[in-house]
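Please keep the sequence and the coordinates at hand while reading.

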Amino acid sequence: ADLVGKVEAGIDEDDPHNPAVIADNVGDNVGDVAGMGADLFESYIGSLIGTATLGNNDPTLLALPLWLGAAGLIGSFIGFFFVKTKERGDGGNTN
């Protein structure tokens, strides 16, 4: 769609006056953020599987990375309730 503005209206391909360029940039940003989240998740799970593989002869060592991951998850849930902000959530900050 951003190429249509280039061909039909004679504007540059990445000119912000073309709404399709803005939509394309937003889509690129969303894809980049989702890709980073997927990379983080893959790294986290890869490290859990790798450490569990190292302890595959002992059931306690095999389960230890999973228990540590579960403890981190529970700690994140508990920590969520200790975070305070001054923002009210009434549609925007007016101060």
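## Overall fold

How many helices and how many strands are there in the protein chain? In this predicted model, the protein chain contains 3 helices and 0 strands, and the pattern read along the sequence is α-α-α.

## Surface and burial

The protein chain has 95 residues, of which 12% count as buried. Its exposed surface comes to about 8000 Å², with carbon and sulfur atoms supplying 66% of that area.

## Helix H2

Helix H2 covers residues 19–54. With 36 residues at 1.5 Å a residue, H2 should span 52 Å, and the distance of 53 Å between its end C-alpha atoms agrees with that expectation. The buried residues in H2 are Ala 20, Val 21, Leu 48 and Ala 52.

## Packing of H2 against H3

Two packed helices are described by the angle and the distance between their axes. For H2 and helix H3, the latter formed by residues 59–80, the axes come within 7 Å and cross at roughly 150°. Because angles over 145 degrees count as roughly antiparallel, H2 is roughly antiparallel to H3.

On the H2 side, the contact is made by Tyr 44, Leu 48, Thr 51 and Ala 52, while H3 contributes Leu 62, Pro 65, Leu 66 and Gly 69. Sorted by class, this contact comprises 6 nonpolar and 2 polar residues, with no charged residues. Leu 48 and Ala 52 belong to the contact with H3, and both are also buried.

Methods:
Residues are numbered from 1 along each chain as its sequence is written. This is a predicted model: local features need pLDDT of at least 70, side-chain atom pairs count only at pLDDT 80 or more; totals for chains, interfaces and linings use all residues. Side-chain values use heavy atoms; hydrogens and water are left out. Axes are lines fitted to C-alpha atoms, for helices over the stretch in contact, and angles run from 0 to 180 degrees between N-to-C directions. Helices (H or I, at least four residues) and strands (E, at least two) are DSSP runs, numbered from the N terminus. Angles under 35 degrees count as roughly parallel, over 145 as roughly antiparallel, 65 to 115 as roughly perpendicular and the rest as oblique. Contact means heavy atoms within 4.5 Å. Ala, Val, Leu, Ile, Met, Phe, Trp, Tyr, Cys and Pro count as nonpolar, Asp, Glu, Lys and Arg as charged, and the others, Gly among them, as polar. Buried means under 20% relative accessible area, exposed over 50%, partly exposed in between (1.4 Å probe, protein chains only). Accessible areas come from the Shrake-Rupley method with a 1.4 Å probe; for residues, only the protein chains shown count as cover. The expected span of a helix is 1.5 Å times one less than its number of residues.
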